Amino acid sequence: MAAALLSTASFAQNTWNVDKAHSHFTFTITHLAVSDVDGSFKDFDATIVASKPDFSDAKVTFVAKTTSVNTGADQRDAHLKSPDFFDVAKYPALSFTSTSIKPGKTGHYTVTGNLTLGAVTKPATFDLWYRGTITNPMSKAPDAGFSVSGTINRSDYNFGSKFGSPMLSDEVTFKASGEFAKAN
């Protein structure tokens with residue numbers, strides 16, 4: 001009976017919520033083919049659900065509020081929020097929901113899912129690095145660390161279509177890193 005209980009407990013689904021104070025979501029695009037411009041989203045949420053301790057069966061969901069885009073330049077941020085780009089009045093969020101995860105080298109995975117940017121939802125693939133799980137010294141609860149990176153072509157999402165290359169590169173690189181607290 002004890003073995004059956006341990007077996008059930010080890011395969012229980014666990015939910016992990018992002019600790020926003022110790023996480024970030026950034027992007028980089030090239031301007032005029034000579035300069036990289038970085039930005040971030042200040043308001044986002046992410047959840048990981050997994051039953052395996054190595055997160056090899058993880059399901060990832062991520063949502064960022066497009067109104068929180070920040071590049072450090074108020075005029076550029078206002079333009080990014082306009083219908084030329086994010087159209088925040090019509091599309092207040094961008095989102096990603098994973099559909100599969102495949103292992104790579106130890107702790108590294110390829111995660112594929114549906115990325116929604118504006119009116120377009122398409123499959124996107126990102127590299128996920130599971131950095132480990134520790135006991136948080138403050139909360140005494142488990143925290144897991146992850147980094148995600150990848151590149152999309154903005155033309156696939158009809159994003160900023162008035163501004164072709166070399167004005168803005170088609171490729172946009174995303175990077176996110178953060179801590180996730182175990183919810184259950």
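# Close-up views of a predicted model

**Figure 1. Overview of the chain.** The secondary structure comes to 2 helices and 10 strands; helices (H or I, at least four residues) and strands (E, at least two) are DSSP runs, numbered from the N terminus. This is a predicted model, in which local features need pLDDT of at least 70, side-chain atom pairs count only at pLDDT 80 or more, and totals for chains, interfaces and linings use all residues. Residues are numbered from 1 along each chain as its sequence is written, and side-chain values use heavy atoms, with hydrogens and water left out. From the N terminus on, the elements run α-β-β-β-β-β-α-β-β-β-β-β. The C-alpha trace spans about 65 × 30 × 30 Å along its principal axes. Of the 184 residues in the chain, 38% are buried. Buried means under 20% relative accessible area, exposed over 50%, and partly exposed in between (1.4 Å probe, protein chains only). The accessible surface comes to about 10,400 Å², and 57% of this belongs to carbon and sulfur atoms. Accessible areas come from the Shrake-Rupley method with a 1.4 Å probe; for residues, only the protein chains shown count as cover. Contact means heavy atoms within 4.5 Å. Among contacts with a separation of 6 or more, 54% are between residues 24 or more positions apart.

Figure 2. The structure holds 15 aromatic pairs. Rings of Phe, Tyr and Trp (its six-membered ring) pair if their centres lie within 6.5 Å; planes under 30 degrees apart count as stacked, over 60 as edge-to-face and the rest as tilted. Phenylalanine 25 and phenylalanine 174 are stacked, at 5.6 Å centre to centre and 5° between the planes. This pair links distant parts of the chain: phenylalanine 25 lies in strand E1 and phenylalanine 174 in strand E10 (residues 168-182), 149 residues apart. Both phenylalanine 25 and phenylalanine 174 are buried. Phenylalanine 146 and phenylalanine 180 pair edge-to-face, with 5.5 Å between centres and 90° between the planes. Here strand E9 (residues 142-153) supplies phenylalanine 146 and strand E10 supplies phenylalanine 180, 34 residues apart. Phenylalanine 146 and phenylalanine 180 are both buried. Ring pairs also link a cluster that includes Phe25, Phe41, Phe86, Phe163 and Phe174.

**Figure 3. Phenylalanine 25 in the nonpolar core.** The largest nonpolar core has 42 residues, of which Phe25, Phe55, Phe86 and Ile152 touch the most other members. A nonpolar core is a set of buried Ala, Val, Leu, Ile, Met, Phe, Trp, Tyr and Cys residues joined through side-chain atoms within 4.5 Å. Leaving out residues up to four places away in sequence, the contacts of phenylalanine 25 include Gly39, Phe41, Phe62, Leu94 and Phe174. In soluble globular proteins, nonpolar side chains tend to be buried together.

**Figure 4. Phenylalanine 126 on strand E8.** Phenylalanine 126 is found in strand E8 (residues 120-135). Its relative accessible area is 8%, so phenylalanine 126 is buried. Residues up to four places away aside, phenylalanine 126 touches Phe96, Tyr109, Thr110, Val111, Val148, Ser149, Gly150, Ile152 and Phe174. Tyrosine 91 is 35 residues from phenylalanine 126 along the chain, and their C-alpha atoms are separated by 23 Å.

**Figure 5. Alanine 50 on strand E3.** Alanine 50 lies in strand E3 (residues 44-50). Alanine 50 counts as buried because its relative accessibility is 2%. Not counting residues up to four places away in sequence, alanine 50 touches Ala12, Gln13, Asn14, Phe55, Asp57 and Ala58. Glycine 118 and alanine 50 are 68 residues apart in sequence and 29 Å apart in space, C-alpha to C-alpha.

**Figure 6. Salt bridges.** The count comes to 2 salt bridges, each a side-chain nitrogen of Lys or Arg within 4 Å of a carboxyl oxygen of Asp or Glu. Aspartate 43 meets lysine 65 (3.7 Å, N to O). Aspartate 43 sits in the loop between E2 and E3, and lysine 65 in strand E4 (residues 59-65), 22 residues apart. Aspartate 43 is partly exposed, at 30% relative accessibility. Lysine 65 is also partly exposed, at 42%. Lysine 162 bridges to aspartate 84, with the closest N and O atoms 2.9 Å apart. Lysine 162 is in the loop between E9 and E10, and aspartate 84 in the loop between helix H2 (74-81) and strand E6 (93-103). Lysine 162 is exposed, at 65% relative accessibility.
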